[in-house]
Amino acid sequence: MTTTREPQLPEYTPEEQAEILRDDAGVPVGVVAKPRWTPAKVALWVAISLVGALGWTMLAIVRGEEVNTIWFVVTAIATYTIAYRFYALYIQRRIMRPDDTRATPAERVDNGRDFDPTDRRVLYGHHFAAIAGAGPLVGPVLAAQMGYLPGTLWIILGVVVAGGVQDMLVLFYSMRRGGRSLGQMARDEIGRFGGTVAIVVVLVMLMIVLAVLALVCVNALAESPWGVFSVGCTIPIALLMGLYLRFLRPGRVTEVSVIGFVALIAAIIGGRWVAESSWGELFHLTPTTLVVCMVIYGFFAAVLPVWLLLTPRDYLSTFMKVGTIVVLAVGIVVVRPVAQMPDVTEFAFNTEGPVFAGALFPFLFITIACGALSGMHAMVSSGTTPKMIQKESQVRMIGYGGMLMESFVAVMALAAAVSLNQGVYFSMNMSPAAIQSTAGEDYSPDATPEENAAAAIANLNVSDTAGNQPEITWDTVVDGEEVTLTGPAALEAVATDVGEPSVVSRTGGAPTLAVGIANIMHGVVGGKAMMSFWYHFAIMFEALFILSAVDAVTRVARFQLGDAIGNAVPRFRDPSWRLGSWLTTGVVVAAWGSLLLMGVTDPNGGIRTLFPLFGIANQLIAACALTVVTVMVVKKGYLRWVWIPLVPLVLDTATTFTASYQKIFSTDLAVGYWALHRATRDEIATGDLTGQALADAEATVRNTAIQGTLSIAFVVLVAVLMATALAAVVRALRAGAGRGAEVPNSEDPYAPSHLYAPSGLGADRLERKVEAEYAVVGDPRLMAGGSH
Amino acid sequence: MRKVLRAVRWYVRELTGEAAYDRYVAAHAARHGDHPPLTRAQWWRARDDARERVAHESCC
């Protein structure tokens, strides 16, 4: 590109000049601004702090009968802003120490494929789309059984001290190591044995994670012809998008995404018509049939070429992701629903909770999982993202900032769930078995599910905001008149309003969240008539999240398995060997498929029994990631600040190990897998059980054995990894880490950078000036984004 | 207003990866001006093939 005008170089003051980093040729490559506290800035931060303090006061101290969920949003944003500006910056200065004169792997390798220096705002979008999934939506909804306060506290404070810290540090240290994966870093820094353990741990835990996510999806779609039709449509839509991009208009991604999105909305609207027509029965599938469909789908999605299904599906799901989050945020701000759930319910302190069993410590932390701290993020932060970062100083914005957004999504999901009537919430989230046992003598096999659910709610040991037994109520429109229904009629009205056959026992969190979103959104757009559209819009978006996780993780696991078998049979390493990839995919699909089938057929409710295992697995992966980070911090000699990763590591270890201990050793039948296993076996031995009861008992014995074995395996493997990490720390300390000695680590050698880009989301005055200078004097090949 | 629309268009094209081909063409011209770059169809096909061998991370 040539310009006819003489390029204008900006003029700097001497103070500004001193803050600019330059390479050998004098080209600017970074800005190290000294903090300047102007009165305006001080006033701004005082104001933000006051807003945050007001929010926390309203949530945690005032706690009136009517707490508006808008306070969740206000408190979250103020806290995030302060944490990002102060704590994340503190961590950056103490144990990251980014150096913008140093080239990142993206700048160094720049092969136009995976190593590709990407604009920070675009990369933020990519990173967020990769970390955000169904986890932060489902966890908070389930945790709402303990009331709104424990969940809000942990989502907001957890991300500040744990989740954001983990994501940012893993991202930074992986970037310093050529974008190597968590498993490889563990191998390099802890040793061959520890590294292998880390890889195995992650692979096994991925299977349980997939099974539970798929279970959420199955529970949302089972017996729902409308949902099955519209979600099923995403497959032909994605295939058509793939063919369009491959053969008709290569590379026109925006265009095809818009076409796909319109088709998606049409599928949601058309779903009602199909469900009500004579074809409806065709899409009325039982959970077991859906499991078979999911398994077949997962297999083909992993072996088909990515351009045909995976890539176009990612486009669709990114669109839906951004769209729904914006919709939800607007809805909460406009409608400002009042929390119907008390601040803390009885289920925070006992193990009688019908959604999942276990007291606040440790099961709140296990259940919320992704919205506050997620081990899975360590895989993205040590995968695609570190290979695309332009400048080291951008890690805070992408790693910490990306996680703050994820946490915000979790806060909104919680707000949507707690703004539902408590009776409706519990009716939806109790498994049929829980309804039967809670209703007790009032249970009747001849009654409708709604009547039995109402009987169960009347017996449930929980209070509403006024301290009374919760009542099922629902506002609806009958014959053009607004009425408030109660009891079974209210539950039936919910189902009619959202266009489902029934809402009772729709466990898993996704249907609850969808009702919550529909309940908020119909107040913004469309009124009651649009409620069923909003419900299925939300279901569609959760199902899309889950299906894209299912096929992407199946592929990742297939590659890892191929690599592992490749040690014995080298041919398995070749991903283009058709038979090998079919075999490894088959094994992976069979692994999560059988766990999924176990969950779907579990007589005690799959979500109730399996969700804790999912949370434990996820949080244990986070423990692995934080362990590896701690070793790296020690090796760098930053002993004074090793508490930064240690605080979340200790917290996470306490919750996961206590939860595992309770799941393995508790004598409480609601909590301990083995206690239930033994009790059920004894019951069978008495010979009193016959028919369905005997079959259920046998299933319980089998399932608890598998779940109990998995919990033992998880915690033992992680304990082994921690022991090897401790040995690595001792070795590093003996070698003089922290006393000024250089301990060898696997960081890449220094390479000079020749690229400039601002570090934050926006650019300040000096950064804009330097950008203008770089546009004139910088390397045009780097500025072109550097392909090839 | 036009500036905002342009920024939105830039962001969407970058986020979806649509702009990647344009950047390839620009980089190609800067580095190997002596021969023509791949056509859009060829370039996207090569990119699809490369993606086939890379495991794609996603999350819960």
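At what angle do H13(A) and helix H16 of chain A pack, and how far apart are their axes? In this predicted model, where local features need pLDDT of at least 70, side-chain atom pairs count only at pLDDT 80 or more, and totals for chains, interfaces and linings use all residues, H13(A) packs against H16(A) (residues 395-418) at about 55°, with the axes 10 Å apart. Residues are numbered from 1 along each chain as its sequence is written, and chains are lettered from A and ligands numbered from 1 in the order in which they are written.

Axes here are lines fitted to C-alpha atoms, for helices over the stretch in contact, and angles run from 0 to 180 degrees between N-to-C directions; helices are DSSP runs (H or I, at least four residues), strands likewise (E, at least two), numbered from the N terminus. The angle makes H13(A) oblique to H16(A), a word for what is left when under 35 degrees is roughly parallel, over 145 roughly antiparallel and 65 to 115 roughly perpendicular. A:Ile325, A:Leu328, A:Ala329 and A:Ile332 of H13(A) meet A:Val409, A:Met412, A:Ala415 and A:Ala416 of H16(A), where contact requires C-beta atoms, placed from the backbone, within 7 Å.

Turning to the partner chain, 50 residues of chain A are in contact with 32 residues of chain B. Among the elements of chain A that give two or more residues to this side are H13(A) (310-335) and H22(A) (531-566), and H22(A) provides the largest share, 7 residues.

Chain B itself has 3 helices and 0 strands, and its C-alpha trace spans about 40 × 40 × 20 Å along its principal axes.

Technical notes. Contact = placed C-beta atoms within 7 Å.
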